[in-house]
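Please open the model in a viewer and keep the sequence at hand.

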Amino acid sequence: MDSLILDSNTWLLVLTGAGVSAESGVPTFRGMSGLWEDQPVEAVASPEGFRKDPALVWRFYSERRKAAAAVHPNPGHEALVAWERHLGDRFLLATQNVDGLHTRAGSQRVVEMHGNLFKTRCSHCERPPFEDATVYPAGAVPECDACGKLLRPHIVWFGEYLDPADIQRIEDFSLRAATSGGRFVFLAAGTSGAVYPAAGIVDQVRKAGGKTWLVNLDPAENSNRFEHRIVGKSGEVLPTLAKLA
Ligand code: APR
């Protein structure tokens, strides 16, 4: 198996998806027993679904909060913490995961592209998103203390844009890496490559002359765009993949 050299010349951008949390017991979205197998996506993860039935949406996210609070980071999360410690500011972790397990494992340089399960914001006023681990009872729809309108989970739903500041942070890091004179490396793990803009990062990195790695249990929709592809569980592959030099 190829090994990933992380030395003083290396700039590493990592993208993770639901597969990295699978070994912690968090269900993935697609494929067998994925979340979207049992849930009508548009009813629970879209602005339209929230307008139609906010109580159903809060039920869904409260259940996910409860489940995510009961699990722990796995060796895949921990390997990324070790890589970050080794590379410092030449490391950035962009995650599609909203479970907060990277931060709980100790990752610091993290962009939560799709939001965070344990944050809530107002669906109406400019009140900033706030920490909220509440598991709301069935039928409950919390209201904003500031404007009285409905609160919503701080999650990027289908049909919604990512926070431009998050995209900017990933692009700024990629530009610094690509113009550093060092080696720009991109590694994606545990993602099906089905959702953009995350699934398009591999093309941006290749255009900038970076090296690309994929660690995934099954073939991803964008697998053929990666130079190095490793089939396996991230909790087993990531701890031994990198040579820290
Ligand atoms: N190790 C590595 N890969 C794994 C593991 C594992 N232990 N278990 C599953 N996988 C792989 C699967 O083969 C699949 O390709 O992880 C991938 C998970 O894919 P999805 O369920 O589609 O999750 P993800 O790519 O993160 O979804 C992207 O879609 O539903 C939206 O906003 C949601 O962030 C999510 C986005």
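Strand β5, residues 115–122, is joined to β6 by two bridges, and the two strands run antiparallel. Please bear in mind throughout that this is a predicted model. To locate the pairing, select Thr120 and then Phe130 in β6, which is its bridge partner.

Widening the selection shows an open sheet of three strands in the order β6-β5-β7, paired in the antiparallel sense. β6 (130–131) and β7 (151–155) are the edge strands; each has a single partner, so one side of each lacks a neighbour in the sheet. Next, select residues 54–69, which form helix α5. This helix lies across β5 and β7, and its direction makes about 140 degrees with that of β5.

## Second stop: the six-stranded sheet

Now select the strands of the other sheet described here. It is an open sheet of six strands, ordered β4-β3-β2-β8-β9-β10, with parallel pairing. Which strands stand at its edges? They are β4 (110–112) and β10 (228–231); each has a single partner strand, so one side of each is left without a neighbour in the sheet. On average, neighbouring strands of this sheet are turned by 15 degrees against each other, direction ignored.

Selecting Trp213 shows it opposite His228 in β10. Helix α10 packs on the sheet and touches β8, β9 and β10, with its direction at about 140 degrees to that of β9.

On one side, β2 and β3 are paired in parallel over five bridges, and Thr16 has Thr95 in β3 as its bridge partner. β3 is also joined to β4 by three bridges, again running parallel; here Leu93 has Val110 in β4 as its bridge partner.

Is β3 enclosed or open to the outside? Five of its five residues are buried, so the strand is largely enclosed by the rest of the structure. Display the side chains: Phe91, Leu93 and Thr95 point one way, Leu92 and Ala94 point the other way, and all are buried. In a regular strand, side chains alternate between the two faces of the sheet.

Select Leu4, Leu12, Trp83, Leu187, Val215, Leu238 and Leu241. These have the most contacts inside the largest nonpolar core, which has 22 residues. At least two residues of this core come from each of β1 (4–6), β2 (10–16), α6 (75–87), β3 (91–95), β8 (183–189), β9 (211–216) and α10 (234–241). The element that gives the most is α6, with four residues.

Apart from neighbours within four places in sequence, its contacts include Leu187, Ile230, Val237, Leu238 and Leu241. A second, separate core has 21 residues, among them Trp11, Met113, Phe173 and Ile201.

Display α6 together with α10. Their axes are 7 Å apart, and the helices pack at an angle of about 25 degrees. The two are therefore roughly parallel to each other, and α6 passes α10 in a left-handed crossing.

## Last stop: two buried residues

Select Leu6 in strand β1. Its relative accessibility is 0%, and Leu6 therefore counts as buried. How far apart are Leu6 and Ala245 in sequence and in space? They are separated by 239 residues in sequence, while their C-alpha atoms are 5.9 Å apart. Not counting residues up to four places away in sequence, Leu6 touches Leu12, Trp83, His86, Leu87, Ala242, Lys243, Leu244 and Ala245.

Finally, select Thr191, in the loop between β8 and α9 (201–207). Thr191 has 11% relative accessibility and so counts as buried, the cut-off being under 20%. Beyond its neighbours within four places in sequence, Thr191 is in contact with Leu15, Gly17, Gln96, Asn216 and Ala220.

Notes
Residues are numbered from 1 along each chain as its sequence is written. This is a predicted model: local features need pLDDT of at least 70, side-chain atom pairs count only at pLDDT 80 or more; totals for chains, interfaces and linings use all residues. Side-chain values use heavy atoms; hydrogens and water are left out. A nonpolar core is a set of buried Ala, Val, Leu, Ile, Met, Phe, Trp, Tyr and Cys residues joined through side-chain atoms within 4.5 Å. Buried means under 20% relative accessible area, exposed over 50%, partly exposed in between (1.4 Å probe, protein chains only). Contact means heavy atoms within 4.5 Å. Two strands pair if DSSP finds at least two bridges between them. Axes are lines fitted to C-alpha atoms, for helices over the stretch in contact, and angles run from 0 to 180 degrees between N-to-C directions. Angles under 35 degrees count as roughly parallel, over 145 as roughly antiparallel, 65 to 115 as roughly perpendicular and the rest as oblique. A crossing is left-handed if the near helix is turned anticlockwise from the far one by less than a right angle, and right-handed if clockwise.
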